[in-house]
Amino acid sequence: MQLVTIFLGFVVFGISENIKGPAIPRIQLSFNLDEGQLGTLLSLNALGYLLACSFTAILVRKWGIKAVTVISFASMVISGVLIFLSHSYPLFASSYFLMYIGNGMLEIGLAILGARIFVKNTGMMMNLSHFFYGLSSTVAPLLATGVMSLSVFGHTLDWRGMYLVMLSLCLLPILSALRSTFPGDDLPQEDRTSFRTLTRDPALWMMVMILSFGVVSELAVGGWLVNFLEKAYAWDTVRASGLLSAFFLLFSLGRLLLGALTDRIGFVLSLIIFSCFSAVCTFAALAGGERLAFLFALSGAGIAIIYPTVMAFIARRYPNGSDTAITFVVTLMGLGSVIGNYIIGWVIESVKAFYGSTTELGLLRGLQAGYGFIGLCAAVCSVSGIVLYVYLKRRRELI
């Protein structure tokens with residue numbers, strides 16, 4: 001039941017994160033938002049995610065991982081109901097904010113569970129569990145597009161009804177979590193690695209850099225790729241959502257097929273190689289235009305390895321302080337996501353203004369520049385990995 005909870009948790013986590021791709025153009029139209037306002041909205045929601053990361057570890061120590069996991073799923077169900085009822089922008093923004101709080105709690109909770117349970121073949125098992133995130137992310141855009149077109153009692157569900165239906169799936173892992181028992185809550189406080197000791201380790205700060213840039217590059221695709229393809233290349237929603245699904249298909253296959261390699265070639269070297277591959281694919285896709293758009297999808301195979309491999313590194317390096325280390329790293333990663341989404345929207349608007357805000361060329365160059373920033377994040381992730389590799393190599397602490 002522990003594995004069922006983790007795997008189902010990643011399935012609904014992937015769905016909740018990536019149904020927004022096809023919905024964002026419709027949300028933008030419903031509330032008359034420009035790209036800058038859209039970037040700000042995503043940044044504010046990432047702030048809710050960041051807020052959840054900051055207090056989840058405290059709740060885990062007070063109430064236990066089981067209670068916190070159930071609460072995180074329940075908050076996402078409630079946010080789905082509120083999004084369905086939201087016909088004003090303030091209510092919608094608040095409901096979306098609540099969903100990201102649930103997402104933040106869930107991500108910390110699942111990471112802590114993985115660090116406690118996967119004590120052997122850590123890299124492979126972390127990537128396998130995150131494979132279920134990629135699997136659900138693969139079908140989420142197409143599933144969301146299909147659900148939005150459904151009619152119930154003569155009324156089209158549209159994006160509001162779609163969020164209600166999809167987030168209600170969180171009821172399933174609640175049932176498995178209630179039937180599970182989870183290890184680690186009984187570890188004596190004196191046996192835990194202190195927060196001060198962790199923050200004095202340069203390797204942990206380098207992991208913050210790697211994870212922050214890697215996750216911005218990963219998550220930004222779900223929010224911006226469909227928008228980019230529809231507006232830059234005039235693709236219809238189904239075709240654009242299909243390429244986003246291809247990205248997550250390769251994303252999930254990367255975790256399933258390449259995850260075992262991380263244990264063999266080393267966690268840090270894996271981070272360097274695969275983030276570099278993702279950056280090269282993204283820049284090549286932008287340079288080649290519409291004919292090389294498939295490389296946007298191929299980049300998913302590389303960036304997929306980053307998050308679970310960082311979690312495996314933390315679990316291995318800090319066996320008695322993984323809860324604190326994961327919370328610290330993921331919280332700062334959330335801050336990076338806030339800044340990253342804002343910068344993407346700002347870059348798009350700035351370049352559009354330079355080339356002409358009302359021209360097709362201005363829109364194309366703006367979207368290309370914004371997406372180029374996503375590729376740049378993957379490149380910085382790789383460079384940060386090289387710095388970490390050199391540091392650990394000198395100290396003979398490579399993992």
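## Confidence

The protein chain has an average pLDDT of 86, where pLDDT is the predictor's confidence in each residue, from 0 to 100. A score of at least 70 is reached by 97% of the residues. Helix α12 (residues 267-288) has the highest confidence, at 93. Helix α3 (residues 35-63) has the lowest, at a mean of 77. Helices here are DSSP runs (H or I, at least four residues), numbered from the N terminus.

This is a predicted model: local features need pLDDT of at least 70, side-chain atom pairs count only at pLDDT 80 or more, and totals for chains, interfaces and linings use all residues. Residues are numbered from 1 along each chain as its sequence is written, and side-chain values use heavy atoms, with hydrogens and water left out.

## Packing of α10 and α11

Helix α10 (residues 202-232) packs on helix α11 (residues 237-265) at about 155 degrees. Their axes are 8 Å apart; each axis is a line fitted to C-alpha atoms over the stretch in contact, and angles run from 0 to 180 degrees between N-to-C directions. The pair is therefore roughly antiparallel (angles over 145 degrees).

Contact means heavy atoms within 4.5 Å. On α10 the contact residues include Val221, Leu225 and Leu229. On α11 they include Leu244, Phe247 and Phe251. By class, the contact has ten nonpolar, three polar and three charged residues. Nonpolar covers Ala, Val, Leu, Ile, Met, Phe, Trp, Tyr, Cys and Pro; charged covers Asp, Glu, Lys and Arg; the others, Gly among them, are polar.

## Ser270

Ser270 lies in helix α12. Ser270 counts as buried because its relative accessibility is 0% (buried means under 20% relative accessible area, with a 1.4 Å probe and protein chains only). Leaving aside neighbours within four places in sequence, Ser270 is in contact with Leu261, Thr262 and Ile265.

Methods. Helix = DSSP H or I, 4+ residues; strand = E, 2+ residues; numbered from the N terminus. Parallel < 35°, antiparallel > 145°, perpendicular 65-115°, else oblique. Buried < 20%, exposed > 50% of the residue type's maximum accessible area, 1.4 Å probe, protein only.
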